[in-house]
Amino acid sequence: MQNIKEYVEANKDRFLDELFELLRFPSVSADPQYKEGVLNTAEFVAQKLKDAGADNVEICPTAGYPIVYGEKIFDASLPTVLVYGHYDVQPADPLELWHTPPFEPTVRDGKIYARGAADDKGQFYMHVKAFEYMVRENQLACNVKFMIEGEEEVGSENLGIFVAANKERLKADVIVISDTSMISLEHPSLETGLRGLSYVEVEVTGPNRDLHSGVYGGAVANPATILSKMIASLHDENNHITIPGFYDDVVELTPEERKALNEAPFDIEEYKTDLGVQDVWGEEGFSSIERTGIRPTLEVNGIWGGYIGEGAKTVLPSKAFAKISMRLVPNQNSERITQLFKNHFEGIAPKSVKVEVKPHHGGEPVVTPTDSIAYRAAEKALEEAFGKKPIPTRGGGSIPIVALFEKELGIKTVLMGFGLDSDNLHSPNEKYGIENYLKGIETIPLFHKYYAELSK
């Protein structure tokens with residue numbers, strides 16, 4: 001531990017400079033205008049893997065954005081760790097809410113503010129720098145493979161094709177992903193599960209053109225009004241989701257499991273203060289920790305229609321739209337939930353409008369075992385690095401490829417994230433603590449060490 005701490009201390013300025021350079025690439029996979037930025041990011045990642053000591057580094061083309069692959073196989077008798085990450089980022093909108101430019105990393109109060117700082121550039125790059133240390137200081141305990149993709153934020157549409165076509169190349173004993181969070185630096189934790197996802201877009205169409213709201217208002221259905229009423233009907237008075245069959249496959253935790261989950265440190269008042277809200281909201285009968293970890297949800301991610309420019313325009317819009325995501329828990333299936341939503345939403349539409357539901361992407365929920373060699377190695381690594389045993393938690397987010405990896409490669413995943421829930425992921429002013437970044441670099445070689453020892 002002392003060696004890696006000294007290495008990080010001696011190189012921390014360079015580690016930060018390299019991360020800042022990576023963060024300056026506007027690698028927004030959802031928006032075609034950033035195509036050049038995404039491709040340049042892949043080139044940068046490939047070069048940094050080579051610089052760190054990886055062999056057979058390749059920018060692998062897909063039907064979308066490329067996957068960067070690299071490896072270091074030095075002893076076939078030792079276990080192999082496959083590191084997954086993504087170099088693409090969410091759109092930075094709304095830009096006016098950023099205090100500093102999203103693609104010009106800025107340090108304030110010990111935190112790096114930039115789009116992608118925590119999700120996932122800062123987190124996957126920890127593995128590159130930890131790998132650099134292990135290679136240069138002859139501390140490699142495992143063979144290492146890297147697979148860093150550029151389409152995670154748009155559903156990883158081409159990753160499954162790549163994985164299926166490269167099973168031998170990607171053969172490993174465990175996958176490690178740092179794209180999750182921990183409770184805090186004072187309370188390190190390891191996520192033991194992730195929710196799945198069903199993401200759809202809905203379109204409500206009324207009249208064949210926008211109408212004067214004075215001439216036609218009250219006589220013709222307003223798609224924006226109808227859409228709002230339909231969305232409101234998706235939750236009942238207890239905030240349960242009203243789609244028939246939605247909860248049929250949900251695995252309910254035992255009272256003992258729920259009690260253990262709620263023993264994780266959580267200050268509800270601090271939570272509300274951080275978010276600037278007077279009270280929390282959610283499904284009746286469950287705590288905030290349970291609502292964000294073990295219960296399915298349905299949320300509106302965007303809604304629009306009609307005139308939204310400056311000033312007034314008394315228009316009755318022809319169309320209204322919404323983007324809706326549903327987070328899923330074991331044993332829900334994303335395709336089934338998408339179909340249930342489509343059937344229900346189109347079925348509750350009044351005859352005065354037409355409704356179309358367009359599925360986008362989805363993924364399956366996962367639970368990772370806490371009795372595996374990989375989990376115990378991660379637990380030991382965090383305990384040594386932080387001075388206390390990590391707390392097992394359930395993550396509220398989704399990483400659909402975890403289920404994909406298990407299905408295609410037969411490999412379990414360890415979720416070893418160093419971000420915080422308060423890092424403004426997908427929001428303006430995304431941030432990542434410098435201490436979190438450096439602590440991650442210190443901890444990752446310990447995981448490799450203990451994984452190799454426990455695998456003997």
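**Note on the sheets, helices and backbone of a predicted model**

1. Strand 4 and strand 5 (residues 111-113) run antiparallel and are joined by 3 bridges. One of these pairings places K111 of strand 5 as the bridge partner of R108. Helices (H or I, at least four residues) and strands (E, at least two) are DSSP runs, numbered from the N terminus. Two strands are said to pair if DSSP finds at least two bridges between them.

2. The structure is a predicted model, in which local features need pLDDT of at least 70 and side-chain atom pairs count only at pLDDT 80 or more, while totals for chains, interfaces and linings use all residues. Residues are numbered from 1 along each chain as its sequence is written, and side-chain values use heavy atoms, with hydrogens and water left out.

3. Contact here means heavy atoms within 4.5 Å. Axes are lines fitted to C-alpha atoms, for helices over the stretch in contact, and angles run from 0 to 180 degrees between N-to-C directions.

4. A second open sheet has 4 strands in the order 13-15-11-16, again with antiparallel pairing. Strand 13 (297-305) and strand 16 (354-363) are its edge strands, and each pairs on one side only. From one strand to the next, the twist averages 15°. Strand 13 and strand 15 (residues 319-328) run antiparallel and are joined by 8 bridges; G305 stands opposite A320 in strand 15. Helix 6 (residues 223-232) packs on this sheet, touching strand 11 (196-205), strand 13, strand 15 and strand 16, and its direction makes about 20° with that of strand 15. Helix 10 (residues 334-347) lies across strands 11, 13, 15 and 16 and runs at about 170° to strand 16.

5. An unreviewed UniProt entry carries the annotation "domain: Peptidase M20 dimerisation" for residues 193-351. UniProt positions are given in the numbering used here, feature names are shortened, and annotations may be inferred rather than shown by experiment. The span of residues 193-351 is 30% helix and 22% strand, and its end C-alpha atoms lie 42 Å apart.

6. Helix 1 (residues 2-23) packs against helix 2 (residues 35-52) at an angle of about 155°, and their axes are 10 Å apart. Helix 1 is therefore roughly antiparallel to helix 2. E18, E21 and L22 of helix 1 meet T41, F44, V45 and K48 of helix 2. By class, this contact has 3 nonpolar, 1 polar and 3 charged residues.

7. Helix 2 also packs with helix 3, at an angle of about 25° and with the axes 8 Å apart. The contact of helix 2 with helix 3 has 8 nonpolar, 1 polar and 5 charged residues. Angles under 35 degrees count as roughly parallel, over 145 as roughly antiparallel, 65 to 115 as roughly perpendicular and the rest as oblique. Ala, Val, Leu, Ile, Met, Phe, Trp, Tyr, Cys and Pro count as nonpolar, Asp, Glu, Lys and Arg as charged, and the others, Gly among them, as polar.

8. Some backbone details deserve a check. Most residues other than glycine have a negative phi, and most peptide bonds are trans. The peptide bond from D119 to D120 is cis, with omega near 0°, and D120 is in helix 3 (residues 117-136). P330 and N331 are likewise joined by a cis peptide bond, with omega about 5°; N331 lies in the loop between strand 15 and helix 10. N424 is not a glycine, yet its phi is positive, at about 60°. N424 lies in the loop between strand 20 (419-420) and strand 21 (431-433).

9. Finally, the whole chain. The protein chain has 13 helices and 21 strands. Its radius of gyration is 23 Å, close to the 23 Å that the globule rule gives for 456 residues, so the chain is as compact as a globular protein of that length. The radius of gyration is taken over C-alpha atoms, and the globule rule is 2.2 Å times the number of residues to the power 0.38. Taken along the principal axes, the C-alpha atoms of the chain fill a box of roughly 80 × 50 × 45 Å.
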